[in-house]
Amino acid sequence: MTTLGTTTSRTAPNPPARTVTRASRAPRRRRRGPGWLVYALLTAFLVGSAFPLYWQAIVGSHDTTAVFDSTPPLLPGGNFFSNAARVFDEVEFWKALVNSLIVASVITVSVVFFSTLAGFAFAKLRFRGRDALYLFVIATMAVPTQLGIIPLFILMSEYGWTGKLPAVIVPGMVTALGVFWMRQYLVQALPTELIEAARADGCNMIRVFWHVVLPAARPAAAVLAVFTFVMAWNDFLWPLIVLGPQNPTVQVAIDQLQSSFDTDFALVMTGTTLGTLPLLIVFVIFGRQIVAGIMQGAVKG
Amino acid sequence: MTATAVEPPRVEPPRPTRLNVRQRLSRWDVKASPYFYIAPFFIIFALVGLFPLIYTAWMSLHKWRLGASSPEKYVGLENYRTLLHDDLFWNALRNTISIFVISSGTQIVFALLLAVLLNEQIRFRSGFRIALLLPYAMSLVAVGIIFSNLFGDQFGFINTVLGHLGFGPIGWHQDTAASHLAIATMVNWRWTGYNALIFLAAMQAIPNDLYEAARMDGANTWQRFRYVTVPALRPVIIFVVITSTIGGLQIFTEPRMFDSVVGSNSGGAQHQFQTIVLLMVQEGFRNSRLGYAATIAWALFLIIVVFAVLNFLVFRRIASADEERR
């Protein structure tokens with residue numbers, strides 16, 4: 001293996017100029033695989049990130065007394081479904097699931113749509129004040145808007161929106177991060193000629209957006225959608241304050257579950273397991289895209 | 001970029017008047033459309049972001065009870081005077097900074113290590129990446145409850161394991177330092193994988209020639225990491241530090257769910273892990289002192305600005321010192 005590696009790296013230095021970096025990188029990687037230490041450390045990280053999630057399922061599938069054993073259980077028990085039934089009995093968990101689904105979906109569609117719209121304008125259209133306005137959008141990312149929740153709460157009470165879903169949906173309908181993300185993507189992924197051609201064919205601007213920009217934006221829009229959904233699903237402080245226990249999202253319902261049954265760990269952990277399950281599903285399906293999204297964002301940012 | 005400046009060229013000469021109207025419409029379309037497209041962001045941000053934040057400053061100058069739609073009376077800077085003499089506020093500030101410092105320091109070290117590991121030619125690379133990102137997508141409320149349970153003072157899994165190893169039980173909830181450590185662990189659990197991916201992406205953008213050159217100069221693995229990787233990653237590290245500062249100073253869900261007295265915003269019996277946002281929520285929505293809560297919010301806003309500026313200055317200093325060394 002080593003000899004082979006050396007031979008390849010010896011032959012490598014004279015490739016056609018264009019592939020220099022690729023070729024010089026390849027032999028180094030082929031020289032030898034990473035040692036056992038790398039795998040051991042990675043596995044340790046892996047166990048660390050998976051264990052808390054595993055633990056909730058363990059506790060959630062036993063009865064409550066199991067947690068207090070001197071040697072705690074490490075394998076799932078058989079009580080998960082009876083615990084789950086109790087979760088649905090004790091708090092409005094169905095309602096919470098439906099609410100969270102509505103909130104997260106509407107916010108996702110809205111964020112993707114408005115961000116693409118604004119991102120397109122900033123990326124490809126020319127208008128007075130564009131650069132200054134874009135700078136403003138970027139700057140707002142650093143503004144801790146969470147600190148405005150007190151007036152926001154008064155505002156929502158005035159509208160009579162407290163306890164109602166729009167109070168949670170409207171503040172999340174568009175994000176600076178989304179605009180930034182779509183703009184960065186469209187700048188390089190949407191050929192200006194395509195827009196010109198559509199204009200020449202007599203498309204007005206909104207048809208250009210609909211028929212040219214939206215299809216081109218699809219890959220970035222998908223990543224943005226997954227991120228937005230996860231964030232909206234997990235939001236807690238604002239829904240807690242403005243919705244309350246009568247019309248909860250999943251996070252508020254879990255909180256409520258813990259408030260009423262704080263010593264019944266099995267019940268509470270079943271609730272958390274049920275609340276994280278939809279996220280796990282999203283993650284299994286879109287994990288690859290989420291990873292790619294973060295890594296692309298890092299290079300551009 | 002020139003796209004819209006180009007007028008539709010397919011203008012047929014025979015019917016000039018009608019086409020003029022269409023042309024004018026089209027020109028108006030081109031000029032006005034961009035503003036319509038960006039308007040939703042600005043309108044929504046103004047309504048639910050900027051306006052409340054500014055209004056917070058105004059509220060902080062008033063006595064204002066929860067449930068009232070207008071202030072009770074104008075009190076000037078009275079709330080701020082109260083704040084400066086409020087032990088709970090200073091306590092919360094100390095706790096917030098302590099948790100933030102413990103978490104962000106270790107987080108960046110671990111994330112860098114993880115990124116180096118992931119940058120190796122490993123098998124199942126995308127599987128590892130996805131699994132290590134998993135905590136990022138998990139609900140904070142659930143995570144808080146799970147960690148509070150794992151770090152239970154009496155029957156927690158961690159104390160049980162420590163007990164088997166011969167260490168006495170640690171008061172993860174009662175003890176100030178231990179509770180900060182537990183909450184910081186929770187924060188790190190969530191963010192290390194995410195930041196590692198950001199570092200990994202930046203590492204892969206480092207030209208390989210730099211490593212080759214360092215190797216030829218006789219640099220070992222550690223030296224290559226220290227003198228090639230870390231300097232190249234500096235902008236990304238700054239980015240991560242600044243974003244985690246803005247987020248870390250507003251920490252709320254983790255300490256709240258960690259509290260074993262559930263539904264409480266006091267951050268433990270002695271307020272040992274009450275953070276600023278917890279205090280704000282407690283004052284505003286439990287003690288009904290909205291005006292004072294607004295004061296806390298506005299104070300935190302100023303603190304965040306100060307931290308951001310400090311971050312920026314420190315890193316600019318480091319950057320310019322680097323330039324000189326070169």
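Biologist: Among contacts in chain B between residues at least 6 apart in sequence, what share joins residues at least 24 apart?
Modeller: This is a predicted model, in which local features need pLDDT of at least 70, side-chain atom pairs count only at pLDDT 80 or more, and totals for chains, interfaces and linings use all residues. Residues are numbered from 1 along each chain as its sequence is written, while chains are lettered from A and ligands numbered from 1 in the order in which they are written. Two residues are in contact if their C-beta atoms, placed from the backbone, lie within 7 Å. For chain B, the share of these contacts joining residues at least 24 apart is 66%.

Biologist: Which element of chain B has the highest mean pLDDT?
Modeller: pLDDT is the predictor's confidence in each residue, from 0 to 100. Chain B as a whole has a mean of 84. Among its elements, helix α12 (residues 290–325) has the lowest mean, 83. The highest, 91, belongs to helix α3 (residues 87–118) of chain B.

Biologist: Where in chain B does pLDDT stay under 50?
Modeller: In chain B, 93% of the residues reach 70 or more. One stretch stays under 50, and the model gives it 15 contacts beyond four places in sequence. That stretch is residues 1–7 of chain B.

Biologist: How many helices are there in chain B?
Modeller: Helices (H or I, at least four residues) and strands (E, at least two) are DSSP runs, numbered from the N terminus. From the N terminus on, the elements of chain B run α-β-β-α-α-α-α-α-α-α-α-α-α-α. Two are strands, and the number of helices is 12.

Biologist: What radius of gyration does chain B have?
Modeller: The radius is taken over C-alpha atoms, and the globule rule is 2.2 Å times the number of residues to the power 0.38. A compact globule of 326 residues would come out near 20 Å. The C-alpha trace of chain B spans about 95 × 75 × 40 Å along its principal axes. Its radius of gyration is 27 Å.

Biologist: Which helix gives the largest share of the side of chain B that touches chain A?
Modeller: In all, 86 residues of chain B are in contact with 87 residues of chain A. The largest share on the chain B side is 18 residues. They come from helix α1 (residues 16–59) of chain B.
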